[in-house]
Amino acid sequence: MRFPLSSFWRPISAAVFLPFYAATAQTHVVLNADLGRDTISRHIYGHFSEHLGKCIYGGYYVGEGNTKIPNTRGIRKDVVEALKKLKIPNLRWPGGCFADTYHWKDGIGPKAKRPSMVNTWWGGVTEDNSFGTHEFLDLCEQLGTEPYITGNVGSGTVQEFAQWVQYVNFDGVSPMSALRKENGRDKSWKVQFWGVGNEAWGCGGNMTAEYYANVYRMFATFIPASWGSGSLWRIASGANGADYHWTEVLMRDIPHGLLEGIALHHYSVDWNHRSSATKFTEAEYFDTMRRALQMEELVQKHATIMDRYDPQKKVALVVDEWGGWYDVEPGTNPGFLYQQNSMRDAMIAGITLNTFNNHADRVRMANLAQTVNVLQAVVLTNEERMLVTPTFHVMEMYAVHHDALMLPIDVRGATYTVADKSLPSVSASASRDRGGLTHLSLVNIDINRAQEVAVDIRGGMYASVSGRILTSERVQDHNTFDSPDHVKPAEFKGARLDGSKLRVQLPPCSVVVLTLR
Ligand code: AHR
């Protein structure tokens, strides 16, 4: 799979170099350095942590009394330290399906007095509520991230939801702010992002779009946007993949004064055939890529519907669950959704984040599912051990795009073909950060062929290029507790710049992020 770098490069002389590329370049990229208009919200790089398996308990939270695993008020120091490197902009909690079974008042006050419940969605385990609102908001403060709380619509009440918002966000005198103070927190947290239920079409209540739109109107009425920092977001439970009717009805039936965002969930999974996370065939890999690339079509089509009702793009598309979903690791609880994370996941992350970047005008928030020990995790733990996954590295490399100006990009070229089916090999996105640096992310999903990428930079001249690459010998490669650095980023030396012409040799199965000065 390795491509011999030295055999590829010619001297940097336009006369010799360009004809060589004109004949052999497989992919041509036009980067419009002078056409930036939309900012890539850093919130596209959000994460999601549910009371599911070992995400919260064991993943983040080991309890205040734990002397074996270093922690701050019960929250693991190693996990916080690792996640800080991602500059996580927002963290969604407590679910997921769990959110519509969760009664927040069970998770506040003295722990010994907190009632327990059964986590009916995930493994039927007993939830002791030792990690509740205060612990979650403490975690967010330790991470330096903004909380995104999903309220219970399916089995909760409007009053319960409104009281939660008041408890968390209200500084004046009220029964809920008094209760918060009694529980040791004087100042409100000013949580901006609130989800109004989750998957209302499924685990959140099996509602129709029309019914949920009315339910949403009622809940949102009692959660005024003015509670909090003055710009509270109410995010409607969104469509399941290609259910465009759902988005149509919500955009049509919910007054836009009550709506700041509509969600969308899409997993790169074949529900009839979930492959092993590490022992998969090329055909299975190809299918995962096809489903990950489908995000482009989903975003385009949902955005087109939203454009009809909201041409000024006030309502955000919030892709608050995305990622790969495989068989659980052998011997683990099937309800815990614990899976390994390989270069395949790095590919999903790279192409999905490129899609979000390129649709920054409408996609203004997204959440990878899920942060620790569940689905496409960025961190895995095993008792006191911890590792970061290939997906972590992509997230870290792409952090340069946070709040940067999106530069429109056009990619034409080679395809990755398996059997009789083809997908575009290369995906890309670009931005200019506030310091004036331009960043270009390139992903080559083809595991057999390198790509010779010719980038034509319109409206920009640069003096130097540097970069980092994430790749590995096999697409199944992953990190283990015994070999935690098997897959990690390295300096990238396969780019050559000549003014506004950039030549990149992209190895098979690689993610590259370049910086142009
Ligand atoms: O992320 C796991 C589950 O997937 C979530 O709880 C649910 O919202 C989705 O179906």
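Start by selecting K87, which lies in the loop between α3 (77-84) and β5. This is a predicted model, so treat each stop as part of a prediction. Look at the backbone of K87: phi is near 50°, a positive value in a residue other than glycine. Is K87 buried or exposed? K87 has a relative accessible area of 56%. That makes K87 exposed, because exposed means over 50%.

**Across β5 to the next loop**

Now select W93 and P94. The peptide bond from W93 to P94 is cis, and its omega is near 0°. P94 has its place in the loop between β5 (90-93) and β6 (117-119). What kind of peptide bond joins G95 and G96? A cis bond, with omega about 15°. G96, too, is found in the loop between β5 and β6.

**The ligand**

Take E50 to begin with. An N or O atom in the side chain of E50 is 2.7 Å from an oxygen atom of the ligand. Move to Y267. There, a polar side-chain atom lies 2.8 Å from an oxygen atom of the ligand. Then go to E321. A polar side-chain atom of E321 lies 2.7 Å from a ligand oxygen atom. How much of the ligand does the protein bury? The ligand taken alone exposes 280 Å², and the protein buries 93% of that.

Select N341. N341 lies in the loop between β12 (316-324) and α10 (343-358). Its relative accessibility is 1%. N341 therefore counts as buried, as the cut-off is under 20%. How far apart are N341 and D186 in space? The C-alpha to C-alpha distance is 41 Å, and the two residues are 155 apart in sequence.

**Helix α11**

Select residues 390-398, which form helix α11. This helix is mostly covered, with 8 of its 9 residues buried. The buried ones are P390, T391, F392, H393, V394, M395, M397 and Y398.

**H439 and its partners**

Go on to strand β21 (residues 438-444) and pick H439 within it. H439 counts as buried, at 3% relative accessibility. Show its side chain. Which side chains make polar contacts with H439? One is D433, with a polar contact of 2.9 Å between the side chains. Another is T515, whose side chain is joined to that of H439 by a polar contact of 3.2 Å.

**Last stop: C509**

Select C509, in the loop between β26 (501-506) and β27 (510-516). Its phi is near 50°, a positive value in a residue other than glycine. Is C509 buried or exposed? C509 is buried, with a relative accessible area of 0%. Compare the opening stop: K87 also has phi near 50°, but K87 is exposed.

Note on methods. Residues are numbered from 1 along each chain as its sequence is written. This is a predicted model: local features need pLDDT of at least 70, side-chain atom pairs count only at pLDDT 80 or more; totals for chains, interfaces and linings use all residues. Side-chain values use heavy atoms; hydrogens and water are left out. A polar contact is a pair of N or O atoms within 3.5 Å; within protein, one must be able to donate a hydrogen and the other to accept it, and residues adjacent in sequence count only if both atoms are side-chain atoms. Accessible areas come from the Shrake-Rupley method with a 1.4 Å probe; for residues, only the protein chains shown count as cover. Buried means under 20% relative accessible area, exposed over 50%, partly exposed in between (1.4 Å probe, protein chains only). Helices (H or I, at least four residues) and strands (E, at least two) are DSSP runs, numbered from the N terminus.
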